[in-house]
Amino acid sequence: MSGPHSSTSRQRVSNENGILSITLLLSLPPAAAAQTADEIVKKVLEARGGAEKLKAVQSERITGRVTFPHGEEGTFVIELKRPLKMRAEISVEGQKVIRVYDGKSSGWTINPFLETKDVQPLSAEDLKDISDEADFDGPLMDYKTKGNHIELVGKEKLDDKPVYRLKLTNKNGGVRFYLFDAASFLLAKWEGMRKNGDQEFPWESFPSDYHEVQGLKYAFRIDQGSPGTELKQTVTTEKIEIDPHIDDSRFAKPVPQDVPAASAPAPPPAPDPPRS
């Protein structure tokens, strides 16, 4: 039976249910959002070939070409070896820029485009983040163990394709945003800050042209640069070697070469290895 109070009663119940729903949403633990981010991270690693296969790789050698804005071209070789050893060489106009990290606490660089052409130790600031650069598993693998924090920012569009945006804060407080294709879960873009000499500037990278190498997915093209500047480069990978023999001496202090003085401007930062 309905009466003058039944409508009011139904409205009160409806309002109370609405308030209850809001209360329940507000009381959900923060872990719910983190779990969603973790699910995306898991799918990202699966899209690359799986965490087990990625961790089984002990060394990598990546070779290819890099193109700069005004038609300059160069070649690069990046060698990586567990744990965290890295050597990057970029050859431009007959000059070779070398950057080395021994995987422990020391690193060096040779840059013939700078006034000081001798071997220089990496600064404390450079060393602070170089372990992330030398980690060829990528920052998402075992991110909590590495001291990284990941948040799911949300879902958005990139070139009319849906992507998930993850925010990664590393143990040193550095922040990067990673955008993963919502269908393939392969990396479509990352945004962050990069250093070039003493300057820090925004940087964005667009990996594409994914190919499988021994069961693992790699981006064979990376378009990257600083928005609104001429600091841009296209990195084209030509070959990826999985588990090549790389002697540990490759990650020791490099020996400078006798080369003519460089007259070309310093190249942009070293290209990113093709990984998430």
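Not counting residues up to four places away in sequence, Asp137 touches Leu54, Lys55, Arg82 and Lys146, where contact means heavy atoms within 4.5 Å. This is a predicted model, in which local features need pLDDT of at least 70 and side-chain atom pairs count only at pLDDT 80 or more, while totals for chains, interfaces and linings use all residues. Residues are numbered from 1 along each chain as its sequence is written, and side-chain values use heavy atoms, with hydrogens and water left out.

**Confidence**

- The protein has a mean pLDDT of 85, with 80% of its residues at 70 or more; pLDDT is the predictor's confidence in each residue, from 0 to 100.

**Asp137**

- Asp137 sits in the loop between helix 4 (124–134) and strand 7 (149–158); helices (H or I, at least four residues) and strands (E, at least two) are DSSP runs, numbered from the N terminus.
- With a relative accessible area of 10%, Asp137 is buried; buried means under 20%, exposed over 50%, and partly exposed in between (1.4 Å probe, protein chains only).
- Its side chain makes a polar contact with the side chain of Arg82, at 2.9 Å.
- A polar contact is a pair of N or O atoms within 3.5 Å; within protein, one must be able to donate a hydrogen and the other to accept it, and residues adjacent in sequence count only if both atoms are side-chain atoms.

**Arg82**

- Arg82 is in the loop between strand 2 (73–81) and strand 3 (85–92), and is partly exposed, with a relative accessible area of 24%.
- A polar atom of the Arg82 side chain lies 3.1 Å from the backbone oxygen of Leu54, and one lies 2.6 Å from the backbone oxygen of Val57.
- Beyond four places in sequence, the residues that Arg82 touches include Lys55, Gln58 and Phe136.

**Nonpolar cores**

- The largest nonpolar core has 47 residues, and Phe76, Leu140, Ile150, Leu166, Phe180, Tyr218 and Ile240 have the most contacts inside it.
- Helix 2 (residues 31–48) gives the most to this core, with 6 residues.
- Another core, of 7 residues, lies apart from it and includes Ile98, Val100, Ile110 and Ile246.
- A nonpolar core is a set of buried Ala, Val, Leu, Ile, Met, Phe, Trp, Tyr and Cys residues joined through side-chain atoms within 4.5 Å.
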